[in-house]
Amino acid sequence: MKKTLFSRPVRLTSFQVNSIKFVIHGLASGYLALLFYAGINDQLGADPVKALLHSSGIMAVNLLLFTLALSQMARRLPCADIIKLRRMAGVYVFVYALAHFLTWLAFELQFAWQMAGAEIVERPYILVGFAALLILLALTVTSPLFIRKKMRRRWQPLHNTVWVALFLAILHYTWSLKTGWQEPVFYWLVAGIWFSLRYVR
């Protein structure tokens, strides 16, 4: 029987995995640094704060979809080593989400914590976004391997809440626009497809 390209599993060497991680790290951290550099130097248009909020928030959602895509690719492609990239990508999801939150807290509220608490409670779109951030925080803190080993069976149910974080984040984005669905439709569609693929062999 003639062998095909995918007749046996494809393995990535440690060098290849680390090289891909280096590229992801460079792109993710570099974009964030350039974004805030442009904001500080007033290169983001008439409303740099709005631009920072939008760019950091949408990148967090994009990276979250990318992270979940890695899981699906590792399950379906003959290269399970792709999963080794997921934790790093997931950490950057939290980094961008935190940058989004801190931008709002610093530039919109000037670190007025009492006002921030009131805004979170009174505005549903901020509440769901903050809930997504807390879930991402829990996932990031528990992502190291030694914590996973300590948590044992409790680890997987916790990390399944990444889907809750995804839908809350997209809901936050949808509500924040206040001008209809428009672009969020694409994110709802992709999130729905990714979620459905979990149950397809």
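A polar contact is a pair of N or O atoms within 3.5 Å; within protein, one must be able to donate a hydrogen and the other to accept it, and residues adjacent in sequence count only if both atoms are side-chain atoms. The structure is a predicted model, in which local features need pLDDT of at least 70 and side-chain atom pairs count only at pLDDT 80 or more, while totals for chains, interfaces and linings use all residues. Residues are numbered from 1 along each chain as its sequence is written, and side-chain values use heavy atoms, with hydrogens and water left out.

The protein chain contains 9 helices and 0 strands, where helices (H or I, at least four residues) and strands (E, at least two) are DSSP runs numbered from the N terminus. Its C-alpha atoms fill a box of roughly 65 × 40 × 35 Å along the principal axes. Of the 201 residues, 38% are buried (under 20% relative accessible area, with exposed over 50% and partly exposed in between; 1.4 Å probe, protein chains only). Among contacts (heavy atoms within 4.5 Å) with a separation of 6 or more, 65% join residues 24 or more positions apart.

Thr-140 belongs to helix α5, residues 124–141. A polar atom of the Thr-140 side chain lies 2.8 Å from the backbone oxygen of Leu-136. Not counting residues up to four places away in sequence, Thr-140 touches Gly-90, Val-91 and Phe-94.

The axes of α5 and helix α4 (residues 113–122) come within 5 Å and cross at roughly 105 degrees; axes are lines fitted to C-alpha atoms, for helices over the stretch in contact, and angles run from 0 to 180 degrees between N-to-C directions. The two helices, α4 and α5, are therefore roughly perpendicular (65 to 115 degrees; under 35 counts as roughly parallel, over 145 as roughly antiparallel and the rest as oblique). Glu-119, Ile-120 and Glu-122 of α4 meet Pro-124, Ile-126, Leu-127 and Phe-130 of α5.

Ala-165, in helix α8, is buried at a relative accessible area of 1%. Leaving aside neighbours within four places in sequence, Ala-165 is in contact with Leu-64, Ala-132, Ile-135 and Leu-136.

In helix α9, Pro-184, Tyr-187, Val-190 and Ala-191 are buried. Seen down the helix axis, the buried residues of α9 fall within an arc of 125 degrees, so they line one face; the arc is that of the directions from the axis to the C-beta atoms. The cover over these buried residues includes α2 (48–76) and α8 (162–177).
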